[in-house]
Amino acid sequence: MSTFGFGSNALGQLGVSGEDRTTPTWVADGFDQVCGGANHTLLLKQGRVYGCGSNQEGQLSGLQKEGIHPLGIENVQFIFCLWNLSFAAAQECVYYCGSSSLMSAIGWTKIPIPNVIKICGGLKHLLLLQADGTIHALGNNRHGQLLVASPVDSNMCPPTLLMKVDQTSMGSEHCLALFQNKCYSWGWNEHGMCGLGTISIVAKPSVIQESVKSIGTGNGHSFIVC
């Protein structure tokens, strides 16, 4: 398989030298996955994580070279990026590095949750979905999106076990979850995106509708497919 990149390359995030690219440009061969943050890129090849672009916030675990280079972590199943954060999910844990208002780490740091198969990121919080359907939340809880009784202005709550689900989706500070075809919502609800007929914060998972097949979220809006 070949990887092609296009768009902004101001900080080398396409993995090639030179100016922005307006058409798909060959970058490399052999990569299985690729994802991008604000100005950095992660790539995965046979369980080994590579990166390119900006390391201004430590999101490339200290990499200071141009081009695509390994980031010192292996046996990874999938990768995920937020604005200035990088995540790499291995069987035994999730690694992260970088810095934002959500979390900060210089060098790869472990989140001790095993068998994570999906990561969803909001503005300041994360949901981690395990293979058995269990989801965990961590990050900011200002709008109740972690479903824990932490201080309103807490910047970092520890990982918290929530519930078992089939799908998850996150807006900036609200969440949707699908379990046995029931759609649940919670968190920030200023624009009614929790779908419950109110604009108050939703403090616990609440059923929006049954017979739902798929869910989706934007910053302050939501969708369900029935």
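This is a predicted model: local features need pLDDT of at least 70, side-chain atom pairs count only at pLDDT 80 or more; totals for chains, interfaces and linings use all residues.
1. **The aromatic pairs.** A pair of aromatic rings is described by the distance of the centres and the angle of the planes. In this model, the count comes to 3 aromatic pairs. One of them joins Phe31 and Tyr50, whose ring centres are 5.2 Å apart, with 80 degrees between the planes. That makes the pair edge-to-face, because an angle over 60 degrees counts as such.

2. **What the Phe31 and Tyr50 pair connects.** Phe31 belongs to the loop between β2 (21-29) and β3 (33-36), while Tyr50 belongs to strand β5 (residues 48-53), so the pair ties together parts that are 19 residues apart in sequence. Are these two residues buried or exposed? Phe31 and Tyr50 are both buried.

3. **A second pair, with another geometry.** The rings of Phe80 and Phe87 have centres 5.9 Å apart and planes at 50 degrees, so this pair is tilted. Phe80 and Phe87 are both buried. Which residues make up the aromatic cluster here? Phe80 and Phe87 form one cluster together with Tyr96.

4. **A lysine over two rings.** Lys45 is worth a click in your viewer. Its charged end sits over the ring of Phe31, at 4.6 Å from the ring centre. Lys45 also lies over the face of Tyr50, where the distance to the ring centre is 5.6 Å. Phe31 and Tyr50 are the partners in the edge-to-face pair of point 1.

5. **The sheet.** Four strands make an open sheet in the order β3-β4-β5-β6, and their pairing is antiparallel. At the edges stand β3 and β6 (69-70); each has a single partner strand, so one side of each is left without a neighbour in the sheet. Strand β4 (residues 40-45) pairs with β5 in the antiparallel sense, over 6 bridges. If you want a landmark along this pairing, find Leu44, which stands opposite Val49 in β5.

6. **A buried arginine without a salt bridge.** Arg21 lies in strand β2. Arg21 is buried, yet has no salt bridge.

Note on methods: Residues are numbered from 1 along each chain as its sequence is written. Side-chain values use heavy atoms; hydrogens and water are left out. Rings of Phe, Tyr and Trp (its six-membered ring) pair if their centres lie within 6.5 Å; planes under 30 degrees apart count as stacked, over 60 as edge-to-face and the rest as tilted. Helices (H or I, at least four residues) and strands (E, at least two) are DSSP runs, numbered from the N terminus. Buried means under 20% relative accessible area, exposed over 50%, partly exposed in between (1.4 Å probe, protein chains only). A charge sits over a ring if NZ of Lys or CZ of Arg is within 6 Å of the ring centre and within 35 degrees of the ring normal. Two strands pair if DSSP finds at least two bridges between them. Lys and Arg count as positive and Asp and Glu as negative; His and the chain ends are not counted. A salt bridge is a side-chain nitrogen of Lys or Arg within 4 Å of a carboxyl oxygen of Asp or Glu.
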